[in-house]
Amino acid sequence: MAAKAPDRRRNNPPSHGTTPPVFLSTSSDDIKPAQSSRPPDEIRKIFLRTGLISSVTGSSFLEIAPLKLSVSVLGPRPLPRSASTPFAAQAILTTEVKFAPFASTVRRGYIRDSSERDLGSRLYQALVGAIRRELYPKSRIEVVVTVLDSEDEGDDVNTVCIEDGRTVEPQFWDVGRADRALGVVLAGCITAASAALADAGIEMFDLVSGGVASVFVDGGDVKGKGKAGAGGKRYVRDPAVAPPDGDAPVATCVLGYMAARDEISELWISGKLSTSEGTAEMDELVDEAVAAARSSRGVLNEAAKERVQFIVEKAQSQSTETPSATGQGKDVEMTG
Amino acid sequence: MTTIVVPGQPLGPAHAYVPGDGVHVFNGQIVSSLVGQVATSKPTSTNTNTATAATPTISVTKPTLSADEEASATLLPDVHAEVLCRVTRINARQATVAIFVVNGRVCGDEFQGVIRVQDVRMTEVDRVRIFTSFRPGDIVRARVISLGDQSNYYLSTAHNSLGVIMASSEAGDPMYPINWREMKSTRTGVIEERKVAKPF
Amino acid sequence: MPPPTPLSPPELSYLFTSLALEPPIRPDLRAPFQFRPIVAECSFLPHCNGSSRICMAESGECIVGIKAEVEKDTASKYATVIERDKWIEVSVEVAGGGASGPGSGVGVGGISGAGGASGKDEGDGGAAVWLKEGLLAGGAGILDRLVISKGWHWKLYIDVLLLTPTSHPSPLLLSAATNMALDSTFLPKLVSPHDVDDIPAFSDDWNISVPLYEPSTFPRPPMSLPVIAVGDNVFLDPSVAEVAAAEVGLVVTLTLADSEGHCDIVGVRGMEVGRGGGKEGERKGISRKLLRQMVSACVKEAGDVIKGLGESTRQQMFRA
């Protein structure tokens, strides 16, 4: 990996970087996030709208509690004229996921880092099968995701804090933390990108919706890793980054799901799953993630229809000569 | 109240309809590929084929606010499409053009195409010279004959209705066609050679 | 981008049809779950704590060197921040800059996530992310072993060097090489006490050095198996041509959970495949039934594969 040359096109922060703030928990009764009130089989409310950016073919904006992201779809546009470009009988899809520098506690640079590239190519995998690429020969479809705000990936659980001179060791190392944070972002990217592609009028076999599920065990069981009693398992759909009280994460599953075809276009499982009963443990987790994806599919369908509905109603109101300014797209805000 | 379908939504059994635009067939079902309104059209009476005469065509179209603007974003040149293009550079073998209108709709991005010397004219192909047919800046009506190689669409003007439709003289004045291979400047009356499209 | 393949559409279609037959016919006449032979060596680099070299029939040759350095936990005035996932650094590099082979820079391994979609600045990173993910997943067994004493830990550099400039080597090659290198990694023995935060001291004697993964303890280092599906058939260790013709693919990462060869799944990722030979409008993703088939095929075979590689490692260690 060659060292990257400094980025001279922008005003850069000090090269030595800054230290991200570490917040100490001051008291035991600190404010817990509101997520505990949500049942584990319910996903967070999703706000999804399409057609916000007029200069691109299709666009969407998605909000799931702290996560905010916008998706632009460009193309189909001609391939760049270079000798290295091969003849493409099918459209070439490119995907890009970029966190805004201010999207997380630790500032992100303008050059995409490895986790952003990773998200980008997993988004590619989720979408590429769903698009009818053979209809767009010799062209390029670009999907660009900008994450404006995300649930913090910051590592306050995996931090050893020294409070009043005594060291507070964490109960366990929450290694699945980054997976859950990135998983929720990826699922959001998949859902929003499908809406943007639909808004662009690009033909697809099916819409792809994203779903995340995590499985937890009691924190006390964590010392006997993997040996936790089967009864102690708790599945949470659309998990928050902070684990439920006292629970230790076991595994997280993120997938892109085409509900009309019952097919999974992208699958990513991270964590430890026992195979003593074959793939049963994995199946349960995948089923939970599929259920989460089905829930978000409902929102996706409504959001995809919303703008078309608006256009149709406007055309109808024009034809019937009613000058009333109807057609304000109604808010699509749904729970799973 | 019209119903709006989304991609993946089944519209009906495949044997009952002929799939049109914006739909595909999956598992014996016609399935929508677009967000939009469903339209079924009765088979045209001119169709004498009895097998397909009874089955209507089903298609999905995405309605747009302004008819020509949004739909053209996903527009791509296809074989047999009639295009308008601007000549960007010429050499003895071919004229390179930039396509900006496909089937009467303005496309979002310009596509590069070439008109090779053998595709300029239907007859007397050996005597065609690019320099007496096109000049950079001419607006040409042409037909796509092939998707071509990785960078160019191959176009043809081998038809009476195809060829230069707008051109400027060397002095920069607009010209009008006087016959199938000459155009005349409106100001100076100088005659220049072009492969001219039949105006009507 | 799928791996570049020199096969034409008719060839892909032929391949697809023969792989979809019942029973299927693979181009090299292997059984569906049969692996290709590999050449594996370990601990031959004198400057490394652990090393391995794997040579595979088609996807080439790969060397892994593991170096460990002593590092102090970062501490500020108020808190000690232990960013444990920075204790391991993985990098994958293609010899010769990687700019030579066809489609290079598109991503190593063809694993979803391993490599970029836009194909420009991506060559590295992706495979490294995926290899590290497998190491860290599942209880972070390895991280506990890296703690030296209070305030000190080992930092592990895992450098994977691909000697053959193929841009899409099998994920099996990279993970087998990393697995073997980790299995043969030894760290110097600590001679200073555990619970003081002075600079730790180590014994110079390599004969009493401690292995990173104590033999016959579990879990063992992880290993990833590529699996593809064509029609109703599932194939392990697919060749480049088979990947190009496949409909769907997965990379399943497993670790050995006990001495009897039972494995735990620590990761599953989608694998980019060519979708070369299928008909239009058919399978676009994995149904749950197929997913079950693919993963259980990996689970079934993984035990023998990982155990075999582990035995070979131990034999070579004793010989040395």
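This passage walks through a predicted model with chains A and B, starting with confidence and then taking each chain in turn.

Local features were considered at pLDDT of at least 70 and side-chain atom pairs at pLDDT 80 or more, while totals for chains, interfaces and linings use all residues. Residues are numbered from 1 along each chain as its sequence is written, with chains lettered from A and ligands numbered from 1 in the order in which they are written.

For chain A, pLDDT (the predictor's confidence in each residue, from 0 to 100) averages 77, and 71% of the residues reach 70 or more.

Helices and strands are DSSP runs, numbered from the N terminus (helices: H or I, at least four residues; strands: E, at least two). Helix α1 of chain A takes in residues 114-128, and its end C-alpha atoms are 21 Å apart, in agreement with the span its 15 residues should have at 1.5 Å a residue. The expected span is 1.5 Å times one less than the number of residues in the helix. Most of α1(A) is covered, with 13 of its 15 residues buried. Burial is a matter of counting C-beta atoms, placed from the backbone: a residue with 20 or more others within 10 Å of its own is buried, one with 12 or fewer is exposed, and anything in between is partly exposed.

Helix α2 of chain A (residues 177-200) has 24 residues and reaches 34 Å from first C-alpha to last, close to the 34 Å expected. Because 23 of those 24 residues are buried, α2(A) is largely enclosed by the rest of the structure. Just after α2(A) comes Gly201(A), with a positive phi of about 75°.

Helix α3 of chain A, residues 280-319, contains Ala289(A). Ala289(A) is buried, with 30 other C-beta atoms within 10 Å. Beyond four places in sequence, the contacts of Ala289(A) include Gly211(A), Val212(A) and Cys253(A). Ala213(A) is another contact: its C-alpha atom lies 4.7 Å from that of Ala289(A), although the two are 76 residues apart along the chain.

Turning to chain B, the secondary structure comes to one helix and 16 strands, and 31% of the 200 residues are buried. Of the contacts between residues at least 6 apart in sequence, 51% join residues at least 24 apart.

Four strands of chain B make an open, mixed sheet in the order β1-β6-β7-β3. The edge strands β1 (4-5) and β3 (18-19) each have a single partner, so one side of each lacks a neighbour in the sheet. Pairing requires at least two DSSP bridges; β3(B) and β7(B) (residues 57-61) have two and run parallel. Pro19(B) has Ile58(B) as its bridge partner in β7(B).

An unreviewed UniProt entry places "Exosome complex component N-terminal" at residues 4-38 of chain B, a stretch with 0% helix and 54% strand.

Notes. Contact = placed C-beta atoms within 7 Å. UniProt positions renumbered as here; feature names shortened; annotations may be inferred.
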